[in-house]
Amino acid sequence: MIEVENLRKVYGSTAAVDDVSFKVERGDILGFLGPNAAGKTTTLRMLTCYLPPTSGTARIEGFDIFHDSLKVRKKIGYLPENVPLYQDMRIRDYLDFVARAKNIDAADRKASLNKAIGQCGLGDVENGIISQLSKGYRQRVGLAQALIGEPEVLMLDEPTTGLDPRQISEIRDLIKELGQGHTVILSTHILPEVSMICDRVIIINKGKLVASDSVEGLTRSLTKSQMTQINVKGDPDGIKKILKEVPGVLAVDKKHEMDLAGGGNVYVVHSNIDSDVREEIARAIVRGGFGLHEMRPYSLSLEDIFLMLTNESPVERRRLN
Amino acid sequence: MRNVATIASRELKSYFVSPVAYSVAFFFLLVLGGWFYFITVMNSHKADLFGTFNVLGYLSIPVAAVITMHLFSDERRSGTIELLMTYPINDWEVVLGKYMSSLLLYVFVLAMTIQYPVFLAIFGNPDWGVILTGYLGALLLGASFLAMGILASSLSRSAVTAAVISLLVLFTLRFLSAGSIIGGALGKTFYYLSFSGQFNNLSNGLIDTRDIVYMISFIFFALFTAVRVIEISRWK
């Protein structure tokens, strides 16, 4: 369990992390989202006791990150963003060093090593020298290092960057599996990763927390109208005109994408949240003599939500309100 | 203590997989051995190590600078210190562990010079008491220089910069002894700060508690400052 209260980190006159509070329950996987330089890494560095906060605090499994730093460090496994490893060591020797550094008893050390090596698929290369590993394997060694000693809390900073698609899906499956026994914070800027793996999501921008909810909850709270996506062939102005006359329709947006094969245009129709206007829309289009190629419910993707919450331009703000 | 041993054994292993340990031992034994066999044995014909230890007093400066220069700077440059600091190990245990590894390497190299007194014993009749205190002096002197090297390494991300810092500080300290010609209290202070007094006493067979206290305080001060530097580098 992780409880973060008003955490703040100031460098000179700029706040890298500004008054951030959130909570992660045991067994949850939290997606920690934000654009580059939003303060994700700084937050994780504070939670792992590497950087002391300027003000505010956090508790991990009930221990304060500042006052009980050593106890906190026994509870966490951390994978930093650029995966710093000792280049001159062999994988197994390195992981053995990590196990010793984490104070794992000699009796359990071998089992703990073998488990981490197995989980991260390092069995074939365990005697390889770290400097000669590919990016994907380095990432796995970094993850194995975090898993050693089975810490209650895992903090993973961008664990899938630089991997090829197959490795990415392997690592994601592993994280999902780990989420069953551990509390995980997964920092990332890859949105599909969050909707695929995470139970909850927090979004941080310019050091400030802008959202904290489940993925569905976020979508729901930001959806103020029902949206239907349609693909219609014909004169856009005429189509917009007849659609607006349908009772319950609030607005019609023509999207930029075009259906090249059918020659139609894509529109998003916003309508009252409590009325289903799909049949009326279909009828209106057919009556108007236009060609209805496709109709489906449109829901906000995490990309939309992310852009809405992190984009500072007034135009975007207006659209959101 | 277990954590200190963990850090020290990792560093010690890494010394021997890189060319550092071998090059340092080679350089050290080449210069010192050259001095011993050509000057002491062939020219002075005395069964003592006074001259050899005098050379060691300067030779151990570059040796200490080279074996400590990477200890913290490499970790800071490559970022591995970030992970190290998130393991349940105190800052002072990290500093002490790294220090112990460099000290063990130094002792290892110093132990190879035992051939000199053995050689003297075969062909002459050396005073073993003086030789032993000389070794104690060489150990304490090296230990002081290594502590300074650790401090220098904690100050910079570049191993070369760290080496330059320790060379500058240690050679300046050592050459302060030249200032003793001005005489008076100031001259004495210079002589004392330069380690020359302490080291000369010990290599002449004289054990003075003040000398030992001075060197041990120097070690303590340098290591303590290094721990603080590591702490401060995280607050910035």
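Helices (H or I, at least four residues) and strands (E, at least two) are DSSP runs, numbered from the N terminus. Residues are numbered from 1 along each chain as its sequence is written, while chains are lettered from A and ligands numbered from 1 in the order in which they are written. This is a predicted model, where local features need pLDDT of at least 70, side-chain atom pairs count only at pLDDT 80 or more, and totals for chains, interfaces and linings use all residues.

**Exercise 1. Take a look at helix H1 of chain A, and say how covered it is and what comes after it.**

Step 1: you'll need a cut-off. A residue is buried if 20 or more other C-beta atoms lie within 10 Å of its own, exposed if 12 or fewer, and partly exposed in between, with C-beta atoms placed from the backbone.

Step 2: go through the helix. Eight of the eight residues of H1(A) are buried, making the helix mostly covered. Among them are A:Lys40, A:Arg45 and A:Leu47.

Step 3: move on just past the end of H1(A), and there's A:Cys49 with a positive phi of about 70°.

**Exercise 2. Find A:Asn103 and decide whether it is buried, exposed or partly exposed.**

Step 1: look in the loop between helix H3 (91–101) and helix H4 (106–119) of chain A.

Step 2: count neighbours. A:Asn103 has 16 C-beta neighbours inside 10 Å, so it counts as partly exposed.

Step 3: A:Ala146 is 43 residues from A:Asn103 in sequence, and their C-alpha atoms are 14 Å apart in space.

**Exercise 3. Sketch chain B as a whole.**

Step 1: count the elements, and you get twelve helices and zero strands.

Step 2: check the build. The radius of gyration (over C-alpha atoms) is 19 Å, close to the 18 Å that the globule rule gives for 236 residues, so chain B is as compact as a globular protein of that length. The rule is 2.2 Å times the number of residues to the power 0.38. In chain B, 43% of the 236 residues count as buried.

**Exercise 4. Describe how chain B touches chain A.**

Step 1: residues are in contact if their C-beta atoms, placed from the backbone, lie within 7 Å. On that basis, 17 residues of chain B meet 21 residues of chain A.

Step 2: sort by helix. H1, H5 and H12 of chain B each supply at least two residues, and H1(B) gives the most, with four.

Step 3: finish with the predictor's scores for the complex, an ipTM of 0.90 and a pTM of 0.85.

Technical notes. Two residues are in contact if their C-beta atoms, placed from the backbone, lie within 7 Å.
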